[in-house]
Amino acid sequence: MDEPTRCGFVALIGSTNVGKSTLVNALVGAKVAIVTPKVQTTRALLRGIATAGSAQIILVDTPGLFAPRRRLDRAMVASAWSGAGDADVIGLMIDAQHGFAAETPTLFERLAELQKPTALILNKIDLVAKPSLLTVAREANTRAPFAATFMVSVLSGDGVADLKDWLARTVPAGPWLYPEDQIADAPSRSLAAEITREKLYLRLHQELPYQSTVETDAWIERPDGSVRIEQTIYVERESQRKIVLGKGGQTIKAIGAAARKEIAELIEQPVHLFLFVKVREGWGDDPERYREMGLEFPRE
Ligand SMILES: Nc1nc2c(ncn2[C@@H]2O[C@H](COP(=O)(O)OP(=O)(O)OP(=O)(O)O)[C@@H](O)[C@H]2O)c(=O)[nH]1
Ligand SMILES: [Mg+2]
């Protein structure tokens, strides 16, 4: 006898760099979200789709919650909360090393207002001693009524299966919303732009990653089964353009090679990737760039 199906949206929220995107990939079983050691990697909501038995778990990866300063920051934080507001279940993820260093009391107030089954997920337990873990878990549970607490290391896989089981049991009963083999809900051109942005984040430092954005401009299927993809990397200043290009074009070449390889794996087609770097001063205040990223443009 077939079990009745279940299906629902699970928003993963938490401070930046706690491992939300890493967890989405682990649950989906494929890389759909970009991950870097840098803070503020994820910029907009991304849906990754996992299945567990008769349940389809639609994971909503969100940008990290942090004190916003720029317009882009405000748009990112607003999008994270909108993801939580639309979800059936919420996972609040905490970096076990840092405890609640970055979380504000308002976070718990807002969570409580949402009134949704919420799991506390303490991640990176590979980096901390057990006693301090228990302290963090106990403290968290005094601040909010969590439906369940999980201590995981997404990197080693510890605890991830238990969490997945709980999510599968907690999403509401109902028909699956996506075909069985779909793993992400985003157009290939945005996933491809994200991959290039990841490579940029991995290679460039200080403010540069935060003052850049990547867009796919052209996607041309060729008769031989390959795809020609053209992307533009926008930066704020000429000096940044020079850094992205690197000496003799070395940096952009390395970024392009790494991105090309991964995009080809994702779409399972040979890829010809062409990257252009353009200076667009003030792109962080240009509504069009937000639309491309899938973010609401904050008025101020
Ligand atoms: N040691 C350890 N590192 C982890 C674990 N999970 C994730 N990381 C690392 O933490 C860093 C941040 O991971 P992300 O998944 O990008 O974090 P995020 O919460 O999505 O970050 P933002 O998108 O910036 O908000 C990466 O370098 C990951 O490899 C873990 O269980 N243990
Ligand atoms: Mg992320």
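**Figure 1. Helix 1 and the shell around ligand 1 in the predicted model.** Helix 1 supplies the largest share of the shell around ligand 1, namely three residues; helices (H or I, at least four residues) and strands (E, at least two) are DSSP runs, numbered from the N terminus. The structure is a predicted model, in which local features need pLDDT of at least 70 and side-chain atom pairs count only at pLDDT 80 or more, while totals for chains, interfaces and linings use all residues; side-chain values use heavy atoms, with hydrogens and water left out. Residues are numbered from 1 along each chain as its sequence is written, and chains are lettered from A and ligands numbered from 1 in the order in which they are written. Ligand 1 is surrounded by 22 residues, and the closest are Lys-20, Thr-22, Thr-41, Thr-42 and Asp-126; a residue is near a molecule or strand if one of its heavy atoms lies within 4 Å of it.

**Figure 2. Polar contacts and cover of ligand 1.** A polar contact is a pair of N or O atoms within 3.5 Å; within protein, one must be able to donate a hydrogen and the other to accept it, and residues adjacent in sequence count only if both atoms are side-chain atoms. An oxygen atom of ligand 1 lies 2.9 Å from a backbone N or O atom of Asn-17, and a polar backbone atom of Val-18 is 3.2 Å from an oxygen atom of the ligand. From the side chain of Ser-21, a polar atom lies 2.9 Å from an oxygen atom of ligand 1. The protein buries 91% of the 660 Å² that ligand 1 exposes when taken alone; accessible areas come from the Shrake-Rupley method with a 1.4 Å probe, and for residues only the protein chains shown count as cover. The space taken by ligand 1 is the second largest pocket. On a 1 Å grid over the protein atoms alone, a pocket is an open set of points where a 1.4 Å probe fits, with protein on both sides within 12 Å along at least five of seven lines; a molecule sits in a pocket if more than half of its atoms lie within 2 Å of its grid points.

Figure 3. Seven of the nine residues of helix 1 (residues 20-28) are buried, where buried means under 20% relative accessible area, exposed over 50%, and partly exposed in between (1.4 Å probe, protein chains only). These buried residues are Lys-20, Ser-21, Leu-23, Val-24, Asn-25, Leu-27 and Val-28. They pack against strand 1 (6-14), strand 2 (46-52), strand 3 (55-61), strand 4 (89-95), strand 5 (118-123) and helix 5 (160-170), contact meaning heavy atoms within 4.5 Å. Gly-29, with a positive phi near 85 degrees, follows helix 1.

Figure 4. Arg-70 lies in the loop between strand 3 and helix 2, and Arg-71 in helix 2 (residues 71-86). With a relative accessible area of 29%, Arg-70 is partly exposed, whereas Arg-71, at 17%, is buried. A polar side-chain atom of Arg-70 lies 3.0 Å from the backbone oxygen of Tyr-210. The C-alpha atoms of Arg-70 and Glu-300 are 9.4 Å apart, although 230 residues separate the two in sequence. Beyond its neighbours within four places in sequence, Arg-71 contacts Gly-284, Asp-285, Tyr-290, Phe-297, Pro-298, Arg-299 and Glu-300.

Figure 5. Most residues other than glycine have a negative phi, and most peptide bonds are trans. Gln-115, in the loop between helix 3 and strand 5, has a positive phi of about 50 degrees. Lys-124, in the loop between strand 5 and helix 4 (130-143), has a positive phi near 70 degrees. Gln-115 counts as exposed because its relative accessibility is 71%; Lys-124 is buried, with a relative accessible area of 19%.

Figure 6. Thr-213 lies in strand 8 (residues 213-221) and counts as buried because its relative accessibility is 2%. Not counting residues up to four places away in sequence, Thr-213 touches Arg-43, Thr-232, Ile-233, Tyr-234, Trp-283, Arg-289 and Met-293. Ala-173, in the loop between helix 5 and strand 7 (184-185), is exposed, with a relative accessible area of 58%. Leaving aside neighbours within four places in sequence, Ala-173 is in contact with Thr-5 and Arg-6. The C-alpha atoms of Ala-173 and Gly-8 are separated by 8.1 Å, with the two residues 165 apart along the chain.

Note on methods. On a 1 Å grid over the protein atoms alone, a cavity is a set of points where a 1.4 Å probe fits but cannot get out, and a pocket is an open set with protein on both sides within 12 Å along at least five of seven lines; lining residues have an atom within 4 Å of a point.
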